[in-house]
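Reader: I would like a close look at a single part of this model, taken slowly and with its surroundings in view.

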Amino acid sequence: MKDNSCQCLEWPYPLLYDKVQEVTTDVLILGGGIAGCWAAIAAAKKGVRVALVEKGATIRSGAGGSGCDHWESAATNPCSRVTPEELTKAMIKAHHGYNNGISHYIECREGYDRLLDLERFGGKIRDTADEFQGAEFRDEKTKFLFAYDYENKFTLRVWGTTFKPSLAKECRRLGVKIFDRIMTTSLLSEGGKQGAKIVGATGVNGRTGEFINFQAKATVLCMSRPTRIWLFSPGLPGMSEFRPPQCTGDGHAMGWNAGVEFAMMEKSVKGEWSGVRSFPPYGTGNTHNTWYACNMVDADGREIPWVDRDGRILMDISQRYRPSPGQKLFFKGGGEPDIPTYEFQGPDILPVKELLAKGFKLPFYADLTGMPEQERKAIWGLMVGEEGKTKIPILKTYTDAGFDPEKHLIQSYGEGWRSGGFLPQERQLFGLPGGLVNDWDLSTNLKGLYAAGDQLFASNCHGHAAATGHYAGRHAADYAKEAAFSKIDSSQAEKERIRVYSLLKGAGRLGWQELNMRITRLMQHYCGEIKSEELLTTGLVLLKDIQNNEAPQISAQNPHELVRSLEVLNVLTNAEIVLNACLARKASSKPLHFRRTDYPEMEPPEWNKFVTIKLEKNEVATGKKPLDYYGSLKGNYESHNVDYLEEHRS
Amino acid sequence: MKGKKIFIHPETAALKPLTFNTEICDGCNMCVEVCQVDLLVPHPNKGKPPVVVYPGECWYGGCCVAICPKPGAIKLNTPLMNRVHWKEKT
Ligand SMILES: Cc1cc2nc3c(=O)[nH]c(=O)nc-3n(C[C@H](O)[C@H](O)[C@H](O)COP(=O)(O)OP(=O)(O)OC[C@H]3O[C@@H](n4cnc5c(N)ncnc54)[C@H](O)[C@@H]3O)c2cc1C
Ligand code: SF4
Ligand code: SF4
């Protein structure tokens, strides 16, 4: 095999720094991941013109592009034993009220409809090849395979590597205009005013450097959540976080500047996963998620017992997939990381500390060899294989290197699903972090602006992104049908163009990696595990200094580096949102993983609410919302979706 | 800035995420087009394997390998530090 090195080459794409493209559309979708594709499909089906803007390549981009092995909360599938209301309420309770009742109800109510759509688009959602005939987790009639809770059957095992290309194909079939390799850089508001109606967005091409002004009647934000605020590796930036490196939460930053309202941005958890700090996700022995509910053994090969929520040893493997006697349903992990709710706590192995006290010896290993054949094949081959980032990096790579699930024990490197350890100040927006506040149309506080997927507050998961994407897309289309175009404020667009290109003229002192490293170091110090007024305000002062004095030194040599540099400026803005949100909550809270030394009391009742923040005339304005602002789940859903329900009845 | 030529120097990262087999790869560039991070560029000489310009930015998801129509043309290298231990059950 020869090396393919190439010393120096000419930029292979035409350079169009001097060109501005003008695009007009009815519905503009920003971010072509799972939520974005679904939003585009739903809007296009309503007969409006749709433009989809994606920084990467729609065919595989986003957190869900490479795969998905389990589709959660499909409560309306014919085998489910829970109703959407029961499941959503359980999800809210399992996170102590800090959850998005609206978006998760949409997930529970419509996730299954999206699965059926996917099948029509060419995705594989059932065991049509009868590979798992007779398995305990298979429904013989529908050929659906279930995961985790075999009693309640609301999570499906799926062939998610087939999903993203099928979605991209469907977008094209419906005439969605796809703009790949375009980074959205800002939102355009009516009159260029913060807090006003959104009338479009700007973008820059990461290959040609061409600038684009998008004019739209309605805009949907689908750019997922912020990353790289506390975790960054300047040498290996692509592996800094769990999510793809170009998913830096740009949508949060541009929303913030436009006056969008946020909730729960004070929540961050101790790092869960990062490629430079952990082993590959789903590539180590564990008992969670993709590897649920694998046998584990200790260094001597002694079998580690599985227990129910009361610590009773489960003798039978089948019991690991069932609620305890008297328990309605369980969630893997029991809800919020590290603080499981007893009501929803499922089977697991004992915590490592307790196992060591009982004489079990490290290292522990997952033992697929001892699993029933169909469970083994479901974990190794189906789930490891269809899960994101597993088909090539794990299944193929390990198999090529000789790993045999019928013969080998594979080591575990952390508790739960984690495959590494983190320091308390190495934090992440993980699980159900903060994001944009939404109403029952999935509209934000700004007119003409909708949001979906992981960009919403307290949002997570593939099925959730699909369901909310579709929902936001059709509501945005309905709005666009009635709305008129508003003029783009040309001075706002021009100002943004100048800001973007100014990075090409930087003094050349600072690479984007160094700036990102500077931000994460600062946030670890001033917004780590322990927070206080003094730490947070000092952090903000220093952040402003970076914004004013260091960020302008950033220098990009080509359109690719321009995109990378713009991303770090967004990381900077997102850090600012987090600091401000932390300052706004003057109380500590366990479910928010939020500790203030100056307000040590946990959950004082007057603070059991969402604290919201947004910019108003460039000043931070805080507000509040009751945790149950979603109101009646069923009632509100049905009154907002009369057409959809009518369509789906027939 | 119009008409200005710019050049790139492929970065040397701490890791080398991809290896190409020049005998098998025909330079179709499908891997370049699928990469969401856009860290590869087509080789200046048509028919040759793409050039990894920004290796440090790799996410190690393997979509480039999955889409490649020529088996064996491209290999994803697990970072050494991330190699996991397994052993035979005794
Ligand atoms: C390895 C992995 C495995 C997972 N497995 C599962 C699973 O099995 N089941 C499950 O339920 N969930 C799973 N998840 C989570 C799930 O993939 C996400 O919740 C889901 O993809 C969120 O969808 P989204 O559309 O909000 O974000 P994404 O799918 O991440 O899409 C965001 C898109 O926005 C684009 N973008 C970002 N910034 C810009 C910009 N400035 N301009 C233009 N475009 C931009 C990005 O390129 C990206 O394509 C997994 C996640 C990962 C990382
Ligand atoms: S590695 Fe495969 S996909 Fe990439 S250029 Fe070569 S043949 Fe094409
Ligand atoms: S593994 Fe992913 S990020 Fe790395 S080169 Fe391949 S497609 Fe790009």
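In what order do the four strands of the open sheet in chain A stand, and is their pairing parallel or antiparallel?

Author: This is a predicted model, and the description that follows should be read with that in mind. The open sheet is formed by four strands in the order β19-β11-β23-β24 of chain A, and the pairing is antiparallel. The edges are taken by β19 (435-436) and β24 (619-626) of chain A, each of which has a single partner strand, so one side of each is left without a neighbour in the sheet. Within the sheet, strand β11 (residues 262-263) of chain A pairs with strand β23 (residues 609-616) of chain A over two bridges, in the antiparallel sense, and A:Phe262 has A:Ile613 of β23(A) opposite.

Two helices accompany these strands. Helix α5 (residues 250-258) of chain A packs on the sheet, where it touches β11, β19, β23 and β24 of chain A, and its direction makes about 70° with that of β23(A). Helix α14 (residues 559-584) of chain A, for its part, lies across β11, β23 and β24 of chain A and runs at about 130° to β23(A).

Beyond the helix, in the loop between α14 and β22 (595-596) of chain A, lies A:His593. With a relative accessible area of 17%, A:His593 falls under the 20% limit and therefore counts as buried. Among the contacts of A:His593, with neighbours within four places in sequence left aside, are A:Lys267, A:Ser268, A:Glu336, A:Arg427 and A:Lys531.

Residues from chains A and B surround ligand 1, so the site is shared between chains. There are 36 residues around ligand 1, and A:Asp250 and A:Asp454 are among those that come nearest. A backbone N or O atom of A:Asp454 lies 2.8 Å from an oxygen atom of the ligand, a polar backbone atom of A:Ala63 is likewise 2.8 Å from an oxygen atom of ligand 1, and a backbone N or O atom of A:Lys55 lies 3.1 Å from a nitrogen atom of ligand 1.

How values were computed:
Residues are numbered from 1 along each chain as its sequence is written. Chains are lettered from A and ligands numbered from 1 in the order in which they are written. This is a predicted model: local features need pLDDT of at least 70, side-chain atom pairs count only at pLDDT 80 or more; totals for chains, interfaces and linings use all residues. Side-chain values use heavy atoms; hydrogens and water are left out. Two strands pair if DSSP finds at least two bridges between them. Contact means heavy atoms within 4.5 Å. Axes are lines fitted to C-alpha atoms, for helices over the stretch in contact, and angles run from 0 to 180 degrees between N-to-C directions. Buried means under 20% relative accessible area, exposed over 50%, partly exposed in between (1.4 Å probe, protein chains only). A residue is near a molecule or strand if one of its heavy atoms lies within 4 Å of it. A polar contact is a pair of N or O atoms within 3.5 Å; within protein, one must be able to donate a hydrogen and the other to accept it, and residues adjacent in sequence count only if both atoms are side-chain atoms.
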